[in-house]
Amino acid sequence: MLTPDHASWGYTTSTGLAFTHEEIVDPHFDACAAYYRDALDSVGVRPGWHVLDAGCGSGAFLPRIAELVGAEGRISALDLAGESAELAAERMRDHPARARLEVRQGSVLDLPYADGTFDAVWCANTTQYLDDWELTRALAELRRVTRPGGLVAVKDVDGSLSTVRPADPFLITDFFRASAESPGYARQLLRGRDLYRRLRAAGLTSVRQRTILMEHHAPLTPSALRFYGNACARFARQAMSEGIPGNWAPFLDPDDPAGPLRDPDGYISEGNVIAIGTAPPDPRGAKSSPG
């Protein structure tokens, strides 16, 4: 059950950002691991590459990145929360993959790497926390640190595909519509399907994008119940405090055995979008070979 502090703060890290603590991020990854692995595998990372995980959180993607780059590859990982960076490093300390790894604390708005350092950059579940100006800045940084011909992949939420049953089918849609009238986190959860044009605006070429529908049917796994129960409770509290119409009361207690997600016909979905672009040739004639 949520503690009072967690209930009010939504599982924050030292950054103050909601839903970024490993106690909720890791269950979300576990619940959606197959979808996330598919998204990462679609990027085209090759053995021997040097890959940056920008906004790595507690490092859930790092084991698979290590498998993709192999023993001759390298991984750099960075997160705004120092404690998350430490957890990411700890996760990989005894991992059998032999890829060289460096983890540090830092911001995607000012990446501490030289131009053209990486063959590919992976940025997952991070841009949702950036306002429009910050997103533009972050994409420019991701492009800057990627070698010409290298890949920039951004995966994030598409809130327009979120729904839950049994409940009013428009409940979450109405929440996002009402909350998105002003700038902030809720509106940023609806930008997913605009990623392709934002990558193009950042100067990336050959941009491709696809939307992933992630579905969970009853009986939900413990990880799915933990994440989605807490997420729905947080949305319900916010909706009720802001006077957003709808029957939110059944979602307030994520441990209620009669809650919608524990119903025999319980169902919840969310959308993710992955957009992948290629860093253009360097007009100064920098080499584009990998490694």
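Me: What should I know about the model before we start?
Reply: It is predicted: local features need pLDDT of at least 70, side-chain atom pairs count only at pLDDT 80 or more, and totals for chains, interfaces and linings use all residues. Residues are numbered from 1 along each chain as its sequence is written, and side-chain values use heavy atoms, with hydrogens and water left out.

Me: What is the strand order in the open sheet?
Reply: β3-β2-β1-β4-β5-β7-β6, 7 strands with mixed pairing. Strands are DSSP runs of E, at least two residues; helices are runs of H or I, at least four; both are numbered from the N terminus. Two strands pair if DSSP finds at least two bridges between them.

Me: Which strands stand at the edges?
Reply: β3 (100-105) and β6 (205-217). Each has a single partner strand, so one side of each is left without a neighbour in the sheet.

Me: Why two sides?
Reply: Because side chains in a regular strand alternate between the two faces of the sheet.

Me: How many bridges join β1 to β2?
Reply: 5, and the strands run parallel. Ala54 has Leu78 as its bridge partner in β2.

Me: And to β4?
Reply: 3 bridges, also parallel. Val51 is partnered with Ala120 there.
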